Amino acid sequence: MPTSPSLATGPAPAARPRATRDRRADLIVVLAALALAVWVTSGLWRDPNVRTVTVNSSDQALFEWLLAFGGNALTHGENPFFTYLINVPDGVNLAVNTSITVYAVVFAPLTYLVGPPVTFLVILTLNLAATAVAWYWLFSRQLVRSRLAAAVGGLFIAYSPGMVSHANAHLNWTAGWLVPLLIWRLFALRRPGHWLRDGIVLGLLVAVAFSIAAEGLFFTALALGVFVAVWSLHPARRAQARAALPNFLRGLGVTALVAGALLAYPLWLHFAGPQRFHGTGFDPVIHSEDIVAFGAYPRRSLAGEAGLGTSLAPNPTEENSFFGLPLLLFAVLCFVVLWRRADPGRRATLWALGVIAVVFSVLSWGPVAKVDGDRTDVPMPFDLLGHLPVVNAALPARLALVVAPVIGLLLAYAVDHLRAAPPRHRSTELAWALGFAVALLPLLPTPLLTHEREPIPRFITAGTWREHVSAGGVLTPVPVAVDIYPDGQRWQAYALAHRQGEFRIPAGFFLGPGGPDGRGRIGPVPRTFSALMDQAGKTGLVPIVTDGTMREVRADLAYWKVEAVVLPDRVHGAKFDVDEEAVRRTATMLLGQPQRVDDVWLWRIPPA
């Protein structure tokens with residue numbers, strides 16, 4: 001692969017102007033990346049403490065809770081990978097969830113200063129901008145000569161449809177800046193004489209990546225494994241690969257030792273700790289990529305705003321391909337042109353990139369093919385791999401995210417080639433410019449949809465809850481906290497970040513055991529009390545209650561050791577509007593008349 005040209009022993013007269021132009025280009029790319037990141041997240045910047053993403057407010061509340069919990073664990077010397085603050089009395093194994101521990105620790109001062117919602121938004125914005133800058137840096141310093149080529153490739157990857165889609169609250173998947181750093185440090189292992197240092201650096205980076213985006217790290221490792229194998233077996237690269245292999249393996253050994261030592265405890269928790277599970281509670285058929293989706297347009301894009309977007313994804317947060325047919329055709333054209341004009345060494349790289357694109361596209365189609373929303377009976381390769389350990393915890397649709405960097409690199413290579421050898425005819429140059437415009441302009445991102453969420457009640461913000469719940473005692477909102485009712489974790493995050501102390505809650509939004517065949521599920525298995533509150537909130541109807549129901553409700557409250565049940569005037573429902581009046585009437589029928597405290601209804605629960 002080409003690298004930046006070496007400097008001569010004596011600087012040429014044009015060296016300084018070239019360096020100045022390069023620094024100016026670097027600054028422009030950084031500013032463009034940041035401007036696009038703010039543009040995409042602009043709806044949240046209007047008021048971070050009030051607004052939430054429309055299509056995934058439950059995940060936003062979860063990540064805000066993780067930031068508050070991680071900061072609290074750091075300052076109180078508690079375990080950051082397991083907690084009993086939610087899902088009492090069983091607790092939650094955060095090592096098998098997305099715990100973003102590094103972010104929680106690094107940004108703890110900001111969380112304590114301005115609160116979890118603002119910290120969440122800062123990280124999300126920086127994730128997008130840093131992803132563009134990191135890819136640009138890798139391209140411009142390692143792979144292409146033209147800064148423009150590096151900018152096109154880097155900005156495309158960072159604001160590709162999949163990244164913008166996951167910007168709907170996924171702090172893990174938007175941390176795409178980790179991938180180019182992992183690539184850079186992996187290929188640095190080839191350097192003779194530096195295997196120990198390079199192995200240590202890569203081991204540290206792997207540990208950081210695991211704590212932020214373990215699933216993304218797994219996909220990156222798979223893609224790099226495929227690339228290295230295909231690239232090394234190419235006749236033009238076999239001798240080079242064979243010469244670098246001893247040093248490369250020594251470095252990988254050091255990487256495994258360093259990362260293994262740092263991750264020993266979270267890995268033990270992940271695979272053998274309490275509250276672990278195997279696989280996930282998500283259906284791989286539902287969470288697989290539709291074949292037609294690769295040529296479709298995403299909703300948060302210029303094409304989507306023009307009415308060309310589709311709903312082929314399982315939800316708006318999982319538009320992992322959606323490149324649009326023009327870009328797919330243009331990427332194939334770039335590949336063909338580059339292949340025809342490449343030397344054998346470059347063809348080895350292009351061949352490996354092509355294999356990655358095909359393999360991960362096909363795997364993203366899941367166990368059976370889906371075409372334009374219709375499920376077929378045609379089995380896919382993922383059906384053979386999806387039962388393997390670790391693989392069974394991944395959503396196949398997200399494997400399509402690996403294709404975006406391949407397309408980005410092809411675009412960078414194409415621009416670099418055109419800059420180095422401009423077309424002889426003006427018409428050819430215009431045709432290439434038109435091709436880039438038609439392929440990329442429809443995919444320009446538009447801001448995420450946002451709306452106002454229900455405020456945290458004064459009962460929490462003023463600390464009044466401490467008068468009704470003992471230190472470390474259990475408080476539950478109604479409906480009981482789960483993914484579609486994130487209030488409990490939002491309240492807890494506020495209390496932790498504002499150093500009010502700790503209260504615990506039943507249930508919550510997390511992945512834990514309890515699914516079919518030993519697989520995971522979202523939240524705990526529902527109990528009678530939580531099911532009744534959920535029914536009332538969804539339907540607006542007060543359920544029928546028998547003596548047996550009352551005994552089960554009392555048993556649930558005793559199991560959780562609940563001291564206070566709280567209903568705010570406005571409940572945040574992540575998927576639908578909640579009927580607060582029906583919830584209050586149901587809770588009153590089960591628990592008796594409530595007290596009015598500040599801006600909530602409160603039921604005090606005597607000890608069992």
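Of the 608 residues of the protein chain, 54% count as buried, where buried means under 20% relative accessible area, exposed means over 50%, and partly exposed lies in between, with a 1.4 Å probe and protein chains only. This is a predicted model, in which local features need pLDDT of at least 70 and side-chain atom pairs count only at pLDDT 80 or more, while totals for chains, interfaces and linings use all residues. Residues are numbered from 1 along each chain as its sequence is written, and side-chain values use heavy atoms, with hydrogens and water left out.

**Overall form**

- The protein chain contains 22 helices and twelve strands; both are DSSP runs numbered from the N terminus, helices being H or I with at least four residues and strands being E with at least two.
- A compact globule of 608 residues would have a radius of gyration near 25 Å, and the 26 Å of the protein chain agrees with this; the radius is taken over C-alpha atoms, and the globule rule is 2.2 Å times the number of residues to the power 0.38.
- The C-alpha trace of the protein chain spans about 85 × 50 × 50 Å along its principal axes.
- Among the contacts in the protein chain with a separation of 6 or more, 78% come from residues 24 or more positions apart, where contact means heavy atoms within 4.5 Å.

**The four-stranded sheet**

- Four strands form an open sheet in the order β7-β10-β12-β11, and the pairing is mixed; two strands count as paired if DSSP finds at least two bridges between them.
- β7 (474-477) and β11 (595-597) stand at the edges with a single partner strand each, so one side of each is left without a neighbour in the sheet.
- From one strand to the next, the twist averages 35 degrees, with axes that are lines fitted to C-alpha atoms and angles that run from 0 to 180 degrees between N-to-C directions.
- Strand β10 (residues 562-568) pairs with β12 in the antiparallel sense over five bridges, and L567 stands opposite W601 in β12.
- β11 pairs with strand β12 (residues 600-604) over three bridges, again in the antiparallel sense; Q595 has L602 as its bridge partner in β12, and V597 has V600.
- The hairpin of β11 and β12 has two residues between the strands, and D598 takes a positive phi near 50 degrees there.

**A hairpin of β4 and β5**

- Strand β4 (residues 368-371) and strand β5 (residues 374-379) run antiparallel and are joined by three bridges, and the bridge partner of V368 in β5 is P379.
- Two residues lie between β4 and β5 in this hairpin, and D372 in the turn has a positive phi of about 55 degrees.

**Nonpolar cores**

- The largest nonpolar core has 146 residues, of which Y103, F139, Y159, F459 and F503 touch the most other members; such a core is a set of buried Ala, Val, Leu, Ile, Met, Phe, Trp, Tyr and Cys residues joined through side-chain atoms within 4.5 Å.
- When its neighbours within four places in sequence are left aside, F139 is in contact with residues including V144, A150, I157, L409 and A412.

- S58 is found in helix α3 (residues 57-76) and is buried, with a relative accessible area of 6%; leaving aside its neighbours within four places in sequence, S58 is in contact with D483, F509 and A574.
- L143 lies in helix α6 (residues 116-143) and counts as buried at 10% relative accessibility; the C-alpha atoms of L143 and Y413 are separated by 8.2 Å, although these residues are 270 residues apart along the chain.
- A241 lies in helix α11 (residues 238-272) and counts as buried at 14% relative accessibility.
- Leaving aside its neighbours within four places in sequence, A241 is in contact with W231 and S232, while A241 and A229, twelve residues apart in sequence, are 9.7 Å apart in space from C-alpha to C-alpha.
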